[in-house]
Amino acid sequence: MAFPEGFGWAAATAAYQVEGGWDADGKGPCVWDTFTHQGGERVFKNQTGDVACGSYTLWEEDLKCIKQLGLTHYRFSLSWSRLLPDGTTGFINQKGIDYYNKIIDDLLTNGVTPIVTLYHFDLPQALEDQGGWLSEAIIEFFDKYAQFCFSTFGDRVKQWITINEANILSMMAYDLGIFPPGVPHCGTGGYQAAHNLIKAHARSWHSYDSLFRKEQKGLVSLSLFATWLEPADPNSVSDQEAAKRAITFHLDFFAKPIFIDGDYPEVVKSQIASMSQKQGYPSSRLPEFTEEEKKMIKGTADFFAVQYYTTRLIKYQENRKGELGILQDVEIEFFPDPSWKNVDWIYVVPWGVRKLLKYIKDTYNNPVIYITENGFPQSDPAPLDDTQRWEYFRQTFQELLKAIHLDKVNLRLYCAWSLLDNFEWNQGYSSRFGLFHVDFEDPARPRVPYTSAKEYAKIVRNNGLEEHL
């Protein structure tokens with residue numbers, strides 16, 4: 001069964017997770033450099049991305065992997081502090097520009113389309129020191145950085161992601177404090193960061209639209225993480241409502257302002273306002289957009305980029321004690337079905353991706369959709385013959401075909417996470433998502449294909465699965 005003609009086949013990486021060279025050639029420190037160097041077991045075995053896959057010096061090896069897979073697209077991110085060491089255009093690092101120019105030019109020479117993410121969790125430390133995403137000043141900093149990247153690389157890059165998983169970043173970094181800067185602000189920080197992330201994205205989209213689009217003719221969006229959320233008891237009205245509310249907080253919180261009308265969903269506003277009131281706050285903990293901001297935010301995406309890995313069941317859980325936190329505001333608990341197979345946090349629920357795509361189609365007026373990440377980990381030591389993982393991919397592709405052919409979803413691109421085993425944030429190198437195995441003990445960081453890489457290459461070559469739906 002075939003995918004549509006011209007369907008995009010990709011794999012993805014992110015700068016901090018693969019590049020290494022953390023202080024090479026004038027790069028400034030990013031928040032993950034600071035966070036991992038502080039130790040304290042916030043990352044598995046205090047591992048760091050100082051060297052990671054060594055992609056800063058081993059780009060040619062990555063390119064060989066991309067060519068071996070036969071990819072049509074490659075998604076990678078720019079390190080903001082490699083290009084602008086203090087986060088501003090006051091000092092521009094030419095060595096950083098040279099590195100990314102080489103990647104872009106080599107991809108194009110080999111017939112591979114670059115998809116470039118401006119920001120994938122690695123804020124320059126200099127900007128975090130000024131308040132990071134909790135400060136409104138970040139909107140201007142991000143817009144200037146985006147304009148710098150559009151003007152430097154936009155003659156060749158036609159597909160841009162401004163911000164990777166704004167919904168995960170705001171919660172993990174500024175609400176729970178699991179990501180750097182590592183300071184929890186439960187029930188407040190995540191909303192403040194989200195507010196600034198949405199405005200920063202919208203501002204940079206408008207900069208592209210007004211200053212670069214006419215000449216460069218590219219597309220700009222942001223990527224959102226989405227777990228499919230299903231009621232634990234399909235016959236329980238409170239579970240059904242809790243599951244709907246959970247999707248609204250998780251995905252629509254960001255997608256509705258950008259794709260529909262410039263403002264947060266009503267249920268989000270009312271839930272947080274009523275909880276805030278109960279907790280004695282003088283006003284809602286969720287900041288409000290002005291009418292002018294709503295106009296600025298509405299319609300600032302040229303495609304819908306979503307990242308799906310897994311599914312959870314949702315049960316209504318009343319916040320009786322008035323606890324602070326995003327989950328407490330939604331009034332849910334979430335958990336997997338005990339029958340689902342898993343490795344770590346990812347449970348194998350292939351039908352979840354089809355339901356998610358259908359939801360996006362129905363809710364957001366049938367947009368062009370890119371899946372900008374999807375994958376399945378192996379625990380270390382990872383066997384090269386990764387049959388369980390390939391089965392996850394195969395079942396996912398079957399569901400994508402159903403979504404395209406039966407649900408008429410306008411899916412145009414699929415991006416496997418990840419090209420290489422890499423630094424998986426708090427899990428360090430213990431969780432391996434790569435299509436290519438990387439030996440982190442060997443200074444040469446050799447890349448060796450897993451079985452899933454060979455199978456994925458066949459899918460790309462055939463533009464589909466050999467078996468029928």
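Student: Where is Ser418 found?
Tutor: Ser418 sits in the loop between strand S14 (411-417) and S15. Helices and strands here are DSSP runs numbered from the N terminus, helices being H or I with at least four residues and strands E with at least two. The model is predicted, so local features need pLDDT of at least 70 and side-chain atom pairs pLDDT 80 or more, whereas totals for chains, interfaces and linings use all residues. Residues are numbered from 1 along each chain as its sequence is written, and side-chain values use heavy atoms, without hydrogens or water.

Student: Is the peptide bond from Trp417 to Ser418 cis or trans?
Tutor: The bond from Trp417 to Ser418 is cis, with omega near 10 degrees. Most peptide bonds are trans.

Student: And which residue does a cis peptide bond join to Pro381?
Tutor: Asp380 is joined to Pro381 by a cis bond, with omega about -5 degrees. Pro381 belongs to the loop between strand S13 (378-379) and helix H15 (387-405).

Student: What is the phi of Trp425?
Tutor: Phi of Trp425 is near 50 degrees, a positive value in a residue other than glycine. Most residues other than glycine have a negative phi. Trp425 lies in the loop between S14 and S15.

Student: Does Trp425 count as buried or exposed?
Tutor: Trp425 counts as buried because its relative accessibility is 8%. Buried means under 20% relative accessible area, exposed over 50%, and partly exposed in between, for a 1.4 Å probe and protein chains only.

Student: What about the phi of Arg445?
Tutor: Arg445, although not a glycine, has a positive phi of about 45 degrees. Arg445 is placed in the loop between S16 and strand S17 (447-449), and at 11% relative accessibility Arg445 counts as buried.

Student: Where does Gly434 lie?
Tutor: Gly434 is in the loop between strand S15 (431-432) and strand S16 (436-438). With 0% relative accessibility, Gly434 counts as buried.

Student: With what is Gly434 in contact, leaving aside its neighbours within four places in sequence?
Tutor: Gly434 is then in contact (heavy atoms within 4.5 Å) with Arg389, Ser418, Leu419, Leu420, Asp421 and Tyr450. In space, the C-alpha atoms of Gly434 and Pro377 are 7.8 Å apart, although the two residues are 57 apart in sequence.

Student: Changing topic to helices: how do the axes of H14 and H15 cross?
Tutor: The axes of helix H14 (residues 351-363) and H15 come within 8 Å and cross at roughly 30 degrees. Axes are lines fitted to C-alpha atoms, for helices over the stretch in contact, with angles from 0 to 180 degrees between N-to-C directions. H14 and H15 are therefore roughly parallel to each other, a term for angles under 35 degrees, with over 145 roughly antiparallel, 65 to 115 roughly perpendicular and the rest oblique.

Student: Which residues of H14 and H15 meet?
Tutor: Trp351, Val353, Arg354 and Leu357 in H14 meet Thr396, Glu399, Leu400, Lys402 and Ala403 in H15. By class, the contact of H14 with H15 holds 5 nonpolar, 1 polar and 3 charged residues. Nonpolar covers Ala, Val, Leu, Ile, Met, Phe, Trp, Tyr, Cys and Pro, charged covers Asp, Glu, Lys and Arg, and the others, Gly among them, are polar.

Student: How do H3 and H5 pack?
Tutor: Helix H3 (residues 59-69) and helix H5 (residues 94-109) pack at about 25 degrees, their axes 11 Å apart. That makes H3 roughly parallel to H5. Trp59, Glu60, Leu63 and Ile66 in H3 meet Tyr99, Lys102, Ile103, Asp106 and Leu107 in H5. This contact of H3 with H5 has 6 nonpolar, no polar and 3 charged residues.

Student: How close do the axes of H7 and H9 come?
Tutor: The axes of helix H7 (residues 137-153) and helix H9 (residues 189-216) come within 9 Å, crossing at roughly 30 degrees. The contact of H7 with H9 comprises 9 nonpolar, 6 polar and 4 charged residues.

Student: Finally, how many helices and strands has the protein?
Tutor: The protein has 16 helices and 17 strands. Its radius of gyration is 21 Å, close to the 23 Å that the globule rule gives for 469 residues, so the protein is as compact as a globular protein of that length. That radius is taken over C-alpha atoms, and the rule is 2.2 Å times the number of residues to the power 0.38. Of the 469 residues, 61% count as buried.
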